[in-house]
Amino acid sequence: MVTRELPPFTNYTGGIGRRYAALAQEIRRRGHDVHVIVSTAAEPSIRDAEGVIVHLVRLPTRGRAWTVEDLPWALASDAAIRGMDRFDVVLAAEWGGNAWSYSRRRRRAPLVTNLATSLEQILAITPMLAAPARDRLQAAIQMRLERSQTQRSDTLIACSHAILDWAKQLWDLERVPAEVIPNFIDLERTRSLAQGDPPSDMPEKGPLVVYSGRLEERKGVRDLVRAMRIVWLQIPEAQLVMIGRNDPFAGGSMGDTLREIAGDHAGSLHLLGHQPPERLFPALARADLVVMPSMWEAFGIAALEAMALGRACILTSGSGFEEFFRDGVDGELVEPRDSAALADAIVGLLGDDPRRRACGAAACERADGYGVAPSAARYLDVFARAAGG
């Protein structure tokens with residue numbers, strides 16, 4: 001596996017990192033040798049993580065934006081692969097072109113690429129407006145790497161039909177075999193960590209509306225705060241907790257923009273920043289309602305984690321959420337970018353305790369079907385076909 005995020009070895013861990021960590025351990029438990037190549041700003045080393053061998057490769061451009069690191073990292077990961085002993089399959093997400101350099105030859109073993117969400121797709125949703133020329137250049141490089149790696153892959157694994165269908169519209173993928181395998185979470189670990197303590201600045205009184213994810217435009221975070229301005233008029237004691245990395249926005253940060261939108265209600269908006277799983281999951285477990293109004297999601301691991309903790313959710317329609325979330329059963333779906341409809345859904349569920357609890361119980365049961373083991377078995381089937389071909 002090739003990735004730039006893997007708990008607990010990297011400071012930032014998103015959905016790709018959490019998924020690969022769980023998948024690596026499950027495949028190892030099934031008797032296979034698993035090696036993970038991970039970027040690091042520290043000294044290069046090789047670690048044994050409960051039987052999974054983690055190769056920490058020095059980040060070629062330390063302290064710079066991820067878009068600047070894409071090409072050097074692709075070359076460094078390829079060099080690391082070529083320096084290893086025999087193996088059967090290479091797995092990497094398309095994001096950032098982690099295996100772009102390896103995809104040019106693939107002499108050692110076939111390449112299986114995960115479709116997560118490419119930068120080209122993100123920019124189709126939230127265009128890069130008035131960005132410096134340097135940022136535009138780096139975005140162009142990243143998009144080229146992602147497209148080339150995906151088109152050269154021996155097999156594709158998509159986490160949803162939504163992401164696969166869109167990728168096929170964007171790129172020439174007709175010759176590349178593809179299979180949809182839903183994302184998954186480590187249910188036991190998620191529920192165990194949720195018994196711990198939330199972040200120290202988590203509000204104690206509610207009702208608590210919690211968001212989990214990066215503070216970026218694509219996630220609909222501005223729509224959420226606009227909706228909460230309507231909610232606060234009806235439920236002034238409601239608290240909005242937003243957990244996730246604070247991305248740049250409009251010459252400042254998204255967090256600053258959200259505080260401006262909240263206005264007089266800014267005291268009820270709590271931006272807790274990026275939190276490790278041992279703090280994130282307890283925060284989700286204490287939520288009265290989890291809201292993630294993304295404009296687009298390939299799947300939505302953060303929502304699945306909230307469901308596994310028995311939380312009713314409000315999500316958005318038209319993308320990967322609908323692969324696993326049942327509208328009216330696990331919570332509610334609303335149209336993206338519709339703050340008024342989002343506010344109505346929040347007020348409705350906060351004001352109906354029995355229904356909210358029923359949705360949380362149904363969501364928890366639904367999440368049981370998205371554990372690591374069945375997904376790992378399907379991944380191994382794909383790996384076997386790729387290796388055999």
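Me: What should I know about the model before I start?

Reply: It is predicted, so local features need pLDDT of at least 70, side-chain atom pairs count only at pLDDT 80 or more, and totals for chains, interfaces and linings use all residues. Residues are numbered from 1 along each chain as its sequence is written, and side-chain values use heavy atoms, leaving out hydrogens and water.

Me: Happy with that. Is Arg-30 buried, partly exposed or exposed?

Reply: Buried means under 20% relative accessible area, exposed over 50%, and partly exposed in between (1.4 Å probe, protein chains only). Arg-30 has 39% relative accessibility, so it counts as partly exposed.

Me: Which residues is Arg-30 in contact with?

Reply: Contact means heavy atoms within 4.5 Å. Leaving aside neighbours within four places in sequence, Arg-30 contacts Ala-373, Ala-376, Ala-377 and Leu-380.

Me: And how do I read a nonpolar core?

Reply: In soluble globular proteins, nonpolar side chains tend to be buried together. A nonpolar core here is a set of buried Ala, Val, Leu, Ile, Met, Phe, Trp, Tyr and Cys residues joined through side-chain atoms within 4.5 Å. The largest has 82 residues, and Ile-346 and Phe-324 are among those touching the most other members. A second, separate core of 31 residues includes Ala-24 and Phe-184.

Me: What is the strand order in the open sheet of six strands?

Reply: Strands are DSSP runs (E, at least two residues), numbered from the N terminus, and two of them pair if DSSP finds at least two bridges between them. The order is S13-S10-S9-S14-S15-S16, with parallel pairing. S13 (269-273) and S16 (331-334) stand at the edges, each with a single partner strand, so one side of each lacks a neighbour in the sheet.

Key. Helices (H or I, at least four residues) and strands (E, at least two) are DSSP runs, numbered from the N terminus.
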